[in-house]
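Visitor: Hi! I have a protein model open and would like a friendly walk through it. Could you help me?

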Amino acid sequence: MSILELTSSVKSFGGQQQRFKHQSKVLNCEMNVSVFVPPQVEQNKPLPVVYWLSGLTCTDENFVTKAGAARVAAELGLIIVCPDTSPRGDNVADDDGYDLGQGAGFYVNATQPPWNTHYHMYDYIVDELPDLINQSFNCIPKVALAGHSMGGHGALTIGLSNIQKYTSISAFAPIVNPLDCPWGKKALHAYLGDDVSEWEQYDACKLLQQQGQFLQIPILIDQGLNDDFYQSQKLTKPFDELAQKLKYPAIVNYHSGYDHSYFFIASFIEEHLRFHHKFLTATD
């Protein structure tokens, strides 16, 4: 197994905002990952972890610099892990569009060339990165997933497909039905090919429909109503309507005046972190 190599560390709210690099066997390239380590790490007790999955064009640093999450994470004793959104490097396939290729991994395992050489973000998030984090930090066994837009899609699909690994899921303005929106159709066709049945494992609405009556996990979603992509990319609403139909315990909040940006995320990130902390620290 590769190891996390520390490349930077700055003090923040009594904890440390750190950045690491490592050689990923799953993605076949070097990756960066940002980690907020709260001051409670000095107590030498296992700490709860929230994985944050960012959206299109983002790196591992966007959430760190824009979300304003460190204060609450330090109070609650949460480790926050922020991976990059795709494999990177000169030899990694890319596209001229912002919504495909580097910065747009969509948290899937690509099966089509040239993407299948590197683009296995699903396996990276589910298996390889957690193994590295657990090797480097003292963490409790189960973790939480959160994300924004494409990252909200990743959080929902990965969480719903691996309920045994996660305590809770949250999302800001998530892509919930990539089988039926422009971003999703472009990415899934490129990464997975023509067979739409292969896409369904990465569609939150399909997964909810298949599993909702049998397996359930706490979900929180926030959506800005001034989001330019709310209608055009069919964000949040199809999932909300399906969850209501299935009587699935998803909390969905709509906010007038808020858009798709990190100003929106920063306004409500505290609620999301407290939501996850509740389930991460619950006793059976």
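Guide: Happy to! One term before we start: helices (H or I, at least four residues) and strands (E, at least two) are DSSP runs, numbered from the N terminus. Keep in mind that this is a predicted model.

Visitor: Thanks. So what comes just after H5?

Guide: Gly 193 does, and this residue takes a positive phi of about 95°.

Visitor: And which residues of H5 are buried?

Guide: Helix H5 covers residues 182-192, and its buried residues are Trp 183, Gly 184, Ala 187, Leu 188, Ala 190, Tyr 191 and Leu 192. Looking down the axis of H5, you find these buried residues within an arc of 165°, so they line one face of the helix.

Visitor: Let's zoom out. How many helices and strands are in the chain?

Guide: The chain has eight helices and nine strands. Its radius of gyration is 18 Å, close to the 19 Å that the globule rule gives for 284 residues, so the chain is as compact as a globular protein of that length. Buried residues make up 58% of the 284 residues.

Visitor: In what order do the strands sit in the sheet?

Guide: The nine strands form an open sheet with mixed pairing, in the order E1-E2-E3-E5-E4-E6-E7-E8-E9. Strand E1 (5-12) and strand E9 (250-255) are the edge strands, each pairing on one side only. On average, neighbouring strands in this sheet are turned by 15° against each other, ignoring direction.

Visitor: How many bridges join E8 to E9?

Guide: Six bridges join them, and the two strands run parallel. Within this pair, Asp 222 stands opposite Asn 253 in E9.

Visitor: Which helix lies across E8 and E9?

Guide: That is helix H7 (residues 237-246), running at about 140° to E9. Helix H8 (residues 262-280) also packs on the sheet, touching several strands, including E4, E7 and E9. The direction of H8 makes about 165° with that of E7.

Visitor: New topic: where does Asp 84 lie?

Guide: Asp 84 is in the loop between E5 and helix H3 (121-136).

Visitor: Is Asp 84 buried or exposed?

Guide: Buried: the cut-off is under 20% relative accessible area, and Asp 84 has 4% relative accessibility, so it counts as buried.

Visitor: What does the side chain of Asp 84 make a polar contact with?

Guide: With the side chain of Arg 88, at 2.9 Å. Asp 84 also touches residues beyond four places away in sequence, among them Met 31, Cys 58, Tyr 107 and Met 121.

Methods. Residues numbered from 1 in each chain as written. Predicted model: local features only at pLDDT ≥ 70, side-chain atom pairs only at ≥ 80, totals over all residues. Heavy atoms only, no water. Pairing = 2+ DSSP bridges. Axes fitted to C-alpha atoms, helices over the stretch in contact; angles between N-to-C directions. Contact = heavy atoms within 4.5 Å. Buried < 20%, exposed > 50% of the residue type's maximum accessible area, 1.4 Å probe, protein only. Arc of directions from axis to C-beta. Polar contact = N/O pair within 3.5 Å; in protein donor to acceptor, adjacent residues only side chain to side chain. Rg over C-alpha atoms; globule rule 2.2 N^0.38 Å.
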